[in-house]
Amino acid sequence: MSNLIVHGGTPLKGRIIPSANKNAVLPVLCATLLTREPVRLRGVPEITDVRKILEVFRSLGSLVSMDYETGVLDVHHKDTHFDAAKDRLPEEMRSSIMLVPGLLARFGAARIEDDVTGCTLGVREIDPHVEVFQRFGAQVERQSDGLVLQVPQAKLRANNHWTDYASVTTTENFVLCAALAEGRSTLMNAASEPHVQEFCQFLQLLGAKIEGLGTSRLAITGVDRLGGAEFSFAEDFHEIVTFLALGAITGGQVEVRNSTPEQFPLLDRTFAKFGVEIVHENGWSRAVTHGPLKVKEPFTRNILQKVEAAPWPYVPVDLLPIFVALGIKAEGSVMFWNKIYDGAMGWTAELSKFGGHAFLSDPHRMVTFGGKPLNPAEVESPYIIRVAIALLMVAASIPGKSVIRNATPIRRAHPHFVENICSLGARIEWVDSE
Ligand SMILES: CC(=O)N[C@H]1[C@@H](OP(=O)(O)OP(=O)(O)OC[C@H]2O[C@@H](n3ccc(=O)[nH]c3=O)[C@H](O)[C@@H]2O)O[C@H](CO)[C@@H](O)[C@@H]1O
Ligand SMILES: C=C(OP(=O)(O)O)C(=O)O
């Protein structure tokens, strides 16, 4: 377990070049299994989830050359081998489940390990995935240590499917299966997050026939084979928002490179609810504060200001903790509504150790009563990447030494995160503990 020691209270200043979005990089890595041609990826971040997937590739016998200095990955799945009875896939990360279509395409067999939950956000079912695999013709059997999938026929069968809700990884799994299936498949209620679109663009580059990117209806016409490609990852909107918020919460001036400000109007309005103005100019975004943070009062009398997170184009649920941190700091009350997860808000007790006041109304809703005097503290992060960051944000805004225990999940998604914050003037360090 790694902890973060934070000497807070310094207004952060400077410029940040964001890394690639973990949730685009991981499905793209899984998609490379669908081709027998070489693939070159640029901007691959040095994060633990990437390391785990590359380890799987090496164990399959693929050629993998990863240079984390330059972010260039060359991968070639040429002569591979996999035994669903003996080999195991990574756990404690959701993206493990997106290895399934590539393994089915190559070996006619795959596995889903018991723990593909990822961050402990509440129920994260695998049924929508299993249903997708079954619709494409896979047989699924529960074994003592996971699920084993087999495809009796040579190719997956195209189909039309309508999911219960817009799930990011289920959509990606559907597209991965459909890309090489026999015939044309359609998916209704498809997820449309920027990372889902980026993943589809990569597959198109390999030669996949996908229509409807960015909408809730995807149509995919299966092709016989996919080719190779060179692909560069876009900037991660999670990192952009996170560094802007770090600038705002510490009363500093942080600029982040942002090539896609068109994705930001709702995020800008969300920042504005805490008194933070986001300015996009010449490919950069900056957070401007006008004195201490203050929650914007709604015009409707006697209602709470609120932030609602749900599948895109709502505020992304993974960004909710970042805004909760702003809610603890800003004077006024805000209701945070996580419409997706039923177990992602149970960290109010950690906020109270800082003197922050947050009330868990029900499993989906939290109210912050911000602007209270805050003190440094030792807190413990749940296994949730963005909560570890939110706790770090609060700590960075308070003069004195705080400790964020179990901050390791940050390493799953954000490369050189502490180095990046320190480049803005922060005094933060990793310390390993038992
Ligand atoms: C590797 C990856 O890309 N992980 C992301 C992906 O996970 P992931 O694809 O696992 O998330 P899903 O969209 O499937 O949602 C997770 C869970 O939320 C519940 N659910 C979701 C949507 C909904 O409208 N109703 C509902 O009930 C279901 O229990 C579901 O199992 O998308 C999540 C939602 O943006 C993000 O938090 C994760 O970071
Ligand atoms: C929840 C996340 O990831 P995962 O789905 O892999 O747990 C995240 O990226 O914030």
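## Two ligand shells in a predicted model

Ligand 2 is surrounded by Lys-22, Asn-23, Met-93, Arg-94, Ser-95, Gly-118, Cys-119, Asp-318, Ile-385, Arg-386 and Ala-413.

**Shell around ligand 2**
- By class, the residues of this shell divide into 4 nonpolar, 3 polar and 4 charged.
- Among the secondary-structure elements, α1 and α11 (385–396) each supply at least two residues of the shell around ligand 2.
- At least three residues of the shell around ligand 2 come from domain 1 (2–19 + 235–432), and at least three come from domain 2 (22–232).

**Shell around ligand 1**
- Ligand 1 has 19 residues around it, of which Asn-23, Tyr-165, Ser-167, Val-168 and Thr-169 come nearest.
- The elements that contribute two or more residues to the shell around ligand 1 are α1 (22–31) and α5 (168–179), and α5 gives the most, with 3 residues.
- The shell around ligand 1 is made up of 10 nonpolar, 5 polar and 4 charged residues.
- Domain 1 (2–19 + 235–432) and domain 2 (22–232) each provide at least three residues of the shell around ligand 1.

**Recorded feature**
- An unreviewed UniProt entry places the feature "domain: Enolpyruvate transferase" at residues 7–420.
- Within the model, the end C-alpha atoms of residues 7–420 lie 15 Å apart, and the span is 29% helix and 25% strand.

Methods. Residues are numbered from 1 along each chain as its sequence is written. Chains are lettered from A and ligands numbered from 1 in the order in which they are written. This is a predicted model: local features need pLDDT of at least 70, side-chain atom pairs count only at pLDDT 80 or more; totals for chains, interfaces and linings use all residues. A residue is near a molecule or strand if its C-beta atom, placed from the backbone, lies within 6 Å of it. Helices (H or I, at least four residues) and strands (E, at least two) are DSSP runs, numbered from the N terminus. Ala, Val, Leu, Ile, Met, Phe, Trp, Tyr, Cys and Pro count as nonpolar, Asp, Glu, Lys and Arg as charged, and the others, Gly among them, as polar. Domain bounds come from an automatic or database domain assignment. UniProt positions are given in the numbering used here, feature names are shortened, and annotations may be inferred rather than shown by experiment.
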